[in-house]
Amino acid sequence: MTITIEQPHLDAIADRKVAGGGGGDNAAELVLDGGFVVPDSNAFGNAFRNYEAESERKETVEEFYRVNHINQTYDFVRRMREEYGRVDKTEMGIWECIELLNEFIDDSDPDLDMPQIEHLLQTAEAIRKDFPNEDWLHLTGLIHDLGKVLLHPSFGELPQWSVVGDTFPVGCAFDECNVHFKYFKENPDYLNPKLNTKFGAYSEGCGLDNVLMSWGHDDYMYLVAKENKTTLPSAGLFIIRYHSFYPLHKHGAYMHLMNDEDKENLKWLHVFNKYDLYSKSNERIDVEKVKPYYMSLIEKYFPAKLRW
């Protein structure tokens, strides 16, 4: 079954404000007037994604990115994609996977320290309120972080630096807009002349499908969805794979690698990112109340059991 979706309704957009002080329209974040209000601060009272703010998580987050940037190499990503792309670890349904995530807190996130199921439901419910007719986007909000099950013993209990955090292309030069860029200088690829140029292993407009991204939950869930033949539209898969690609959707970096389909799907990623980032709060969702609705979407877009 092929799902056709319309582009975001621009009459639901009150304004655009450019993030990061530059990058033109491609770096713009969407400010929606559909009822979603962007909060002034995160759960710790700081600005969202402020990696310099003094908080109880600052040192944990910076150490995470130090290790991440040193170890996420082109060869490492190729090995991980080969191993986990076989989706032969286990079989389970989407909701079973959601429940597994109850045990984990994301060490790369400066904005929240609650179990992951809370964030998934907060994101999905906020999207559902403003985009009631885009059920594929509701489900994408619910499942976008399910790849974090890589932290679980059943999936190898990978270290957090290889599961969470902002993502970026490997196989070409690391852009300076990446969080804690200084630590890339200790990455073996940083000095590799085949991999440290603007294009590196790629070519202009090659398409992000042909680009290796730093390994983590985004790419893993993307592979799981594709291998299990989800009927989510391409925009949903694009959101899953690139929702942590902040250098692109916040700063407009790496645009030279994108093709026309990527640029169309990026419009939906800009919409999604508001909800992924700013719906994080300490308010709890009534799981049993909303579960039947999301179970119906899972049945619509996925098989009952998935290979992981």
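Tutor: Helices are DSSP runs of H or I with at least four residues, strands are runs of E with at least two, and both are numbered from the N terminus. By that count the protein chain has 10 helices and four strands, in the sequence order β-β-α-α-β-α-α-α-α-α-α-α-α-β. This is a predicted model, in which local features need pLDDT of at least 70 and side-chain atom pairs count only at pLDDT 80 or more, while totals for chains, interfaces and linings use all residues. Residues are numbered from 1 along each chain as its sequence is written, and side-chain values use heavy atoms, with hydrogens and water left out.

Student: What makes L139 count as buried?

Tutor: Buried means under 20% relative accessible area, exposed over 50%, and partly exposed in between (1.4 Å probe, protein chains only). L139 has a relative accessible area of 0%, so L139 is buried. In the protein chain, 56% of the 308 residues are buried.

Student: Where does L139 lie, and which residues does L139 contact beyond its sequence neighbours?

Tutor: L139 is part of helix α5, residues 135–143. Leaving aside neighbours within four places in sequence, L139 is in contact (heavy atoms within 4.5 Å) with L232, L297, I298, Y301 and F302. Its C-alpha atom is 6.9 Å from that of Y294, which is 155 residues away along the chain. Across the protein chain, 78% of contacts between residues at least 6 apart in sequence join residues at least 24 apart.

Student: How do you know that the buried residues of α2 are on the same side?

Tutor: The buried residues of helix α2 (residues 74–84) are Y74, F76, V77, M80 and Y84. They cover an arc of only 160° around the axis (taken from the directions from the helix axis to the C-beta atoms), so they lie on the same side of α2. The face turned away from that buried side carries the exposed residues R79 and E82. The buried residues of α2 pack against α1 (58–71) and α6 (217–227).

Student: Which residues does W215 touch?

Tutor: Not counting residues up to four places away in sequence, the residues that W215 touches include F76, V77, M80 and Y84, as well as Y220 and L223. W215 is also one of the residues that touch the most other members of the largest nonpolar core, which has 86 residues.

Student: Why is α6 called roughly antiparallel to α7?

Tutor: The axes of α6 and helix α7 (residues 234–242) come within 7 Å and cross at roughly 150°. Angles over 145 degrees count as roughly antiparallel, under 35 as roughly parallel, 65 to 115 as roughly perpendicular and the rest as oblique. That makes α6 roughly antiparallel to α7. In the contact, D218, D219, M221, Y222, A225 and K226 of α6 meet L237, I240 and R241 of α7.

Student: What makes the phi values of V87 and Y254 worth a remark?

Tutor: Most residues other than glycine have a negative phi. Phi of V87 is near 40°, and phi of Y254 is about 65°. V87 is in the loop between α2 and β3 (91–92), and Y254 is in the loop between α8 (246–249) and α9 (260–278).

Student: Are V87 and Y254 buried or exposed?

Tutor: V87 has 4% relative accessibility and therefore counts as buried. Y254 also has 4% relative accessibility, so Y254 counts as buried.

Terms used:
Core = buried A, V, L, I, M, F, W, Y, C linked by side-chain atoms within 4.5 Å. Axes fitted to C-alpha atoms, helices over the stretch in contact; angles between N-to-C directions.
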